Amino acid sequence: MFANILLAIGLVFIIEGLVYALAPSLVEDLLEALRKLPIDKRRTFGFLVIVLGVCFLFAARALGAG
């Protein structure tokens, strides 16, 4: 289980690093757009992303990962 957690964190780091390395100006634009959103909408978006991530985990498990 610990190996799976390390794998997941490593994949997140790789994806985040690619975003910052390949499109740093787009990241700044995204952050500016997020600043303009009200807190409650940002919170709702965060919860939706969490739910989507959990769905991806269940789908990966159903397909035989981990």
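Mentor: Let us begin with surface patches, which are made of residues with over 30% relative accessible area and no salt bridge, like charges being joined within 9 Å and nonpolar side chains (Val, Leu, Ile, Met, Phe, Trp, Tyr) within 5 Å. Accessible areas come from the Shrake-Rupley method with a 1.4 Å probe, and for residues only the protein chains shown count as cover. This is a predicted model, in which local features need pLDDT of at least 70 and side-chain atom pairs count only at pLDDT 80 or more, while totals for chains, interfaces and linings use all residues. Residues are numbered from 1 along each chain as its sequence is written, and side-chain values use heavy atoms, with hydrogens and water left out.

Trainee: Which residues make the nonpolar surface patch?

Mentor: Met 1, Ile 5, Ile 9, Val 12 and Phe 13 make a nonpolar patch of about 560 Å². Helices (H or I, at least four residues) are DSSP runs, numbered from the N terminus; Ile 9 belongs to helix α1, residues 2-22. As to exposure, buried means under 20% relative accessible area, exposed over 50%, and partly exposed in between (1.4 Å probe, protein chains only). Ile 9 is partly exposed because its relative accessibility is 40%.

Trainee: How many salt bridges does a search of the whole structure find?

Mentor: A salt bridge is a side-chain nitrogen of Lys or Arg within 4 Å of a carboxyl oxygen of Asp or Glu. The search of the whole structure gives one. Its partners are Arg 35 and Glu 32, whose closest N and O atoms are 2.8 Å apart. The two residues are three apart in helix α2 (residues 24-36), so about one helical turn separates them. Arg 35 is exposed, at 55% relative accessible area, whereas Glu 32 is partly exposed at 36%.

Trainee: What is the volume of the second largest pocket, and which residues line it?

Mentor: The second largest pocket has a volume of about 270 Å³. Its lining consists of Ala 8, Leu 11, Val 12, Ile 15, Glu 16, Val 49, Ile 50 and Gly 53. Helices α1 and α3 are the elements that give two or more residues to it, and α1 has the largest share, five residues.

Trainee: Is Leu 22 buried or exposed?

Mentor: Leu 22, in helix α1, is exposed, with 70% relative accessibility. Its C-alpha atom is separated by 25 Å from that of Phe 56, 34 residues apart along the chain.

Technical notes
On a 1 Å grid over the protein atoms alone, a cavity is a set of points where a 1.4 Å probe fits but cannot get out, and a pocket is an open set with protein on both sides within 12 Å along at least five of seven lines; lining residues have an atom within 4 Å of a point. Grid points are joined across faces, edges and corners, and a volume is the space filled by probe spheres set on the points.
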